[in-house]
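Colleague: Could you walk me through this model before I start on my own notes?

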Amino acid sequence: MAKTKKQPRPKAETPKGFRDYFGAEVSERAEMLQKIAAVYHRYGFDALESSAVETVEALGKFLPDVDRPNEGVFAWQEADEDGKGDWLALRYDLTAPLARVYAQHRNDLPTPYRRFAMGPVWRNEKPGPGRYRQFYQCDADTVGTASMAADSEICAMLADTLEEVGIPRGDYLIRVNNRKVLNGVLESMGLADDEERSAAVMRTIDKFDKVGEAGVRELLGKGRLDASGAYIDGVGLTDDQADPVLTFLTSKADDMAETFANLRKAVGDSTMGQEGVAELEQIADLLAAQGYGPDRIVIDPSVVRGLGYYTGPVFEAELTFEIFDEKGRKRQFGSVAGGGRYDDLVKRFTGQAVPATGISIGVDRLLAALREKGRIGGTATGPVVVTVMDRDRMADYQAMVGELRQAGIRAEVYLGNPKNFGNQLKYADKRNSPVAIIEGGDEKEKGIVQIKDLVLGAKIAENATLEEWKERPSQFEVPRGDMVAKVREILDGQGG
């Protein structure tokens, strides 16, 4: 009889591009999302939790900034009798599901509909350092109004959110631009109906922050040599044709009125361009009325990322403080949120234009920023550990831990093998526990417990002289009835 082939053991490893999150990271994220949700709720937005799976048809073109249809998502086909079931996919953002939800439930939802959503999204992209295929987003959108008050409100709410989670004023800047202004520039250049060259101009504009004004002029013209020495072909515009683009990109001035004047010059006689400038003026006025000046939110035509996706105002939140990169060079932290007006997304379902505007916060990026600022991080405090001296008295220990929990104190009973007491203290150390409680047979008979301040004990062990050790005991003997009060006192002294 043939021997049954032994199945190989599965590898204990996360799939490529994914990672696991442990206690402190999960808690930090949950706490930050709670703070963000409180701000959104204060602004009148309602929570929405949509399905993590959508039909491929409902998601539409995947990843608006990546021209790889059907390759940017994790998709599969449902099996049916004919083998032609629906194609389904994990959501790649929280905006496409919102469009489907609004179209499906619009008769039951208020108009405008203001919603926020938080959760994981999945992108089938090549992973890299700090770039994962599953990550968290945190969105807020207003659907059903074309008023610039909605856009200004999103910007104000984003500023409040950053400050609420711990990014101080002066360490961030929300920059605002408008796709209509750029469309007006393309019209003034005579490229409005030339999709290929317009797309080439858009791609060139997107390089402004890397190559600067001179580099953009070269790329709009014949081309330029890049840093590696390779020659990059240009768009082939004349200097006169390129001028409106450079005027647009360099129009930001210290005086807001001068910025708007420069933008009007860039769009020339374009009706759409003039409309875009007027919308930016409205947003600036509405923000000023709420007390949000250019120290927090500024009109900045150099914001070009994502302009191909949006139909009106666009926003980007940038953190302005410096960090050191992996090579030890100073650089600004960069963007943590982006968004804008997208008036065509719901139309795919309804056939009717439905105006919408919103913002998406990169949760992992914002958490990284807070760690850089020292607002979160360090080692999380574990639970109080009730040690087990006699396994036959487990009910006594469970009663003790129950009292601590009822008092709102995080606590657990040691559930490993209690034979070696040293291992119990090692366990408490690994859990980063602040306190250990000991009740052996002698203590039980006397009606007392030993309470060990593990934080103070560690400090004494590191630095104290023998005299200090005696003066600052880290273990206390208290009546059993005073156990909860003494633990609370120790935790308060530790700042916990």
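Modeller: What follows goes through a helix pair, the strands and one further helix.

Colleague: Fine, but what kind of model is it, and how are residues numbered?

Modeller: It is a predicted model, in which local features need pLDDT of at least 70 and side-chain atom pairs count only at pLDDT 80 or more, while totals for chains, interfaces and linings use all residues. Residues are numbered from 1 along each chain as its sequence is written, and side-chain values use heavy atoms, with hydrogens and water left out.

Colleague: At what angle do α1 and α4 pack?

Modeller: Helix α1 (residues 23–42) packs against helix α4 (residues 148–165) at about 145°, and their axes lie 9 Å apart. Axes here are lines fitted to C-alpha atoms, for helices over the stretch in contact, with angles running from 0 to 180 degrees between N-to-C directions; helices (H or I, at least four residues) and strands (E, at least two) are DSSP runs, numbered from the N terminus.

Colleague: And which residues make that contact?

Modeller: On α1 they are M32, K35, I36, V39 and Y40, and on α4 they are M157, D160, T161, E164 and V165, where contact means heavy atoms within 4.5 Å.

Colleague: Switching to strands, what does β6 pair with?

Modeller: Strand β5 (residues 113–122) pairs with β6 in the antiparallel sense over 10 bridges, and A117 has D139 in β6 as its bridge partner. Strand β13 (residues 356–362) also runs antiparallel to β6, joined to it by 7 bridges, and there A140 has I359 of β13 as its bridge partner. Two strands count as paired if DSSP finds at least two bridges between them.

Colleague: Is β6 enclosed or open, and why?

Modeller: Strand β6 (residues 134–143) has 8 of its 10 residues buried, so it is largely enclosed by the rest of the structure; buried means under 20% relative accessible area, with a 1.4 Å probe and protein chains only.

Colleague: What about the sheet with β2, in what order do its strands come?

Modeller: That open sheet has 3 strands in the order β2-β4-β3, with antiparallel pairing, and its edge strands, β2 (53–55) and β3 (75–77), each pair on one side only. Between β3 and β4 (residues 87–90) there are 3 bridges, and A75 stands opposite A89.

Colleague: Last one: which residues of α12 are buried?

Modeller: In helix α12 (residues 363–372) the buried residues are V363, L366, L367, A369 and L370. They sit on the same side of α12 because they cover an arc of only 160° around the axis, taken from the directions from the helix axis to the C-beta atoms. Just after α12, G374 takes a positive phi of about 75°.

Methods
Buried means under 20% relative accessible area, exposed over 50%, partly exposed in between (1.4 Å probe, protein chains only).
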